[in-house]
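I opened the notebook to record what I looked up in this model. Entries are brief and follow my reading order.

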Amino acid sequence: MKTLARAIQLKPDLPEVYYYQAVSYFFLAEYDQVRRSLDQAQKKSSPEARALFLYAMSYENESRWDEETSYLRRALQLEHSNARLECHLGFALMSENQYEPAKRAFATAIRFKPDFALPHYELGKLLAQGNNLRGAQDELETAVHLQPDLGPALYALSRVYTAQGRKGQAVETMKQFVALRAHEAAEKESLAADAREQLQRP
């Protein structure tokens, strides 16, 4: 942070340094400071999609969905085919219980990037909530195919199979979910044990 402050002193008219200062504040969870730094960057140049996205993420982490949605829509005006932006827009809309617009956002993200597992999962969840079990199955199976370690998608798919009366597939999918969670827990414990060992060394 001191280096960035020095860079701002040396080049106060360079918007890039304010942007990277905002990124640093973001990782410190100082979201008001994120926006102040981005405000300074915007005074030096036209808004960029990455800066608008960072504004949006600062609001997302404060559960301020209206502001997040506004900045995401502005960013999408600059980057029309950005699947990540559409996916975050879907999250924000879903958090505001705007389920149909959220479905459209996730479907758009899939159209832009068909091999992106997350919007398939999120759309599948929403379709399941609306009792469109076949549509949910298709999206969730696609999500699991694209990202086999996407645990929530495995869990949601098992629930869909159960609702369809496909007990065998539901059980097998839930077994995959449980095995994945056990593997993740073992991996975390291994890392924790290694960290403890490192701390105990002279």
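In which handedness of crossing does H3 pass H4? I looked it up: H3 passes H4 in a left-handed crossing. Left-handed here means that the near helix is turned anticlockwise from the far one by less than a right angle, while clockwise would be right-handed.

**Ground rules.** I noted that this is a predicted model, in which local features need pLDDT of at least 70 and side-chain atom pairs count only at pLDDT 80 or more, while totals for chains, interfaces and linings use all residues. Residues are numbered from 1 along each chain as its sequence is written, and side-chain values use heavy atoms, with hydrogens and water left out.

**Overall.** I found 11 helices and 0 strands in the protein. Helices (H or I, at least four residues) and strands (E, at least two) are DSSP runs, numbered from the N terminus. Along the sequence the pattern reads α-α-α-α-α-α-α-α-α-α-α. The protein has 202 residues, and 40% of them count as buried. Buried is under 20% relative accessible area, exposed is over 50%, and partly exposed lies in between (1.4 Å probe, protein chains only). I then looked up the accessible surface, which comes to about 11700 Å². Carbon and sulfur atoms own 52% of that surface. The areas come from the Shrake-Rupley method with a 1.4 Å probe; for residues, only the protein chains shown count as cover. Next came contacts, meaning heavy atoms within 4.5 Å. Among contacts between residues at least 6 apart in sequence, 42% join residues at least 24 apart.

**H3 and H4.** I went back to this pair for the geometry. The axes of H3 and helix H4 (residues 49-60) come within 9 Å and cross at roughly 160°. That makes H3 roughly antiparallel to H4. Axes are lines fitted to C-alpha atoms, for helices over the stretch in contact, and angles run from 0 to 180 degrees between N-to-C directions. Under 35 degrees counts as roughly parallel, over 145 as roughly antiparallel, 65 to 115 as roughly perpendicular and the rest as oblique. From H3, the contact uses Tyr31, Val34, Arg35, Leu38, Asp39 and Gln42. From H4, it uses Ala51, Leu54, Tyr55, Ser58 and Tyr59. By class I read 7 nonpolar, 2 polar and 2 charged residues in the contact of H3 with H4. Nonpolar covers Ala, Val, Leu, Ile, Met, Phe, Trp, Tyr, Cys and Pro; charged covers Asp, Glu, Lys and Arg; the others, Gly among them, are polar.

**H5 and H6.** The axes of helix H5 (residues 65-78) and H6 come within 9 Å and cross at roughly 155°. H5 and H6 are therefore roughly antiparallel. H5 passes H6 in a left-handed crossing. H5 supplies Trp65, Glu68, Thr69, Leu72, Arg73, Ala75 and Leu76 to the contact. H6 supplies Leu85, Glu86, His88, Leu89, Ala92, Leu93 and Ser95. I logged 8 nonpolar, 3 polar and 3 charged residues for the contact of H5 with H6.

**H6 and H7.** Helix H6 (residues 83-95) and helix H7 (residues 99-112) have axes that come within 8 Å and cross at roughly 165°. H6 and H7 are therefore roughly antiparallel too. The crossing of H6 past H7 is left-handed. Among the residues that meet are Cys87, Phe91 and Met94 in H6 and Tyr99, Phe106 and Phe112 in H7. The contact of H6 with H7 has 13 nonpolar, 2 polar and 1 charged residues.

**Histidine 88.** Leaving aside its neighbours within four places in sequence, histidine 88 is in contact with Phe53, Met57, Glu60, Glu68 and Leu72.

**Positive phi.** Most residues other than glycine have a negative phi. I looked up alanine 29, which has a positive phi of about 60°. Alanine 29 is in the loop between helix H2 (15-27) and helix H3 (31-44). Its relative accessible area is 45%, so alanine 29 is partly exposed. Asparagine 131 has a positive phi of about 70°. Asparagine 131 lies in the loop between helix H8 (117-129) and helix H9 (133-146). At 60% relative accessibility, asparagine 131 counts as exposed.

**Glutamate 184.** I found glutamate 184 in helix H11 (residues 167-200). At 24% relative accessibility, glutamate 184 is partly exposed.
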